[in-house]
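Thanks for coming. I have one chain to show today, so let me put it up.

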Amino acid sequence: MNNNLVLLVEDEPAIARILDGYLLREGFRTVQAADGETALQHHALLKPDIVLLDVRIPKIDGFAVLARMRQTSATPVIMVTALADDIDRLSGLHLGADDYVVKPFNPQEVVARVKAVLRRTLERPDTVLRRFGAIEVDFGSHAAFVNRDGERRLLSLTLSEFRILAHMIRHPTQVFARADILDACLPESDALVRTVDTHVSNLRRKLEEMGETGFFPAVRGVGYRLADPQ
């Protein structure tokens, strides 16, 4: 995991300096941005492995930065905030964040969360490519696609969404309990089981936006499957 590049987006110099020091001590490379515009430029040019993104930053706030990133990339993003309203929005991770931390925080905890998210990203199953219907998951490039009308279109997924899709596509008609999905796809997270419903709902919506319907049906009292048996 050493040498991974962390994009640290923080406009408070003291906090940025502390986090930067802890990350460097653990062997990470870092690049800093103090506003949303710079963050987007660094993200596009440097392709960081993970982003630590403060919500309240100048020029373009963190929520808007995240939305722009998610249009083209599934780079893992950990949001940082100190405001209760932001925490309410982030608690369900509806916006595409993979995790969040709340100020004031212990820098060691932030580094631990960075490691946990990257660990999930770097894990590789033995199968490089898996297809089911129009859906294609490329484990090597950590990307998912929809093949429709002769066109291969990238699915813009968060890390958690990708892991759920990748986990379930191996056995597409098997029913997975919510707790099993949580254990398999977010093992280091302290998220509640109901968070799975949010991620699955977002996955279903993104597929429907690309014209693919009928995926992720709920099985009452149990959980979800990727698709019903034909």
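Predicted model: local features only at pLDDT ≥ 70, side-chain atom pairs only at ≥ 80, totals over all residues.

Residues are numbered from 1 along each chain as its sequence is written, and side-chain values use heavy atoms, with hydrogens and water left out.

The chain has 8 helices and 12 strands; these are DSSP runs, H or I of at least four residues for helices and E of at least two for strands, numbered from the N terminus. Of its 230 residues, 48% are buried, meaning under 20% relative accessible area with a 1.4 Å probe, protein chains only.

Now the cores. A nonpolar core is a set of buried Ala, Val, Leu, Ile, Met, Phe, Trp, Tyr and Cys residues joined through side-chain atoms within 4.5 Å. The largest has 28 residues, and V137, L155, L165, M168, I181 and F216 have the most contacts inside it. At least two residues each come from β7, β8, α6, α7 and α8, and α6 gives the largest share, 6 residues. Apart from that core lies another, of 19 residues, including L5, I57, M69 and A97.

Last, D99, in strand β5. Is D99 buried or exposed? It counts as buried because its relative accessibility is 16%. The D99 side chain makes a polar contact with the side chain of R113, at 2.9 Å; such a contact is a pair of N or O atoms within 3.5 Å, and within protein one must be able to donate a hydrogen and the other to accept it, with residues adjacent in sequence counting only if both atoms are side-chain atoms.

Methods:
Buried < 20%, exposed > 50% of the residue type's maximum accessible area, 1.4 Å probe, protein only.
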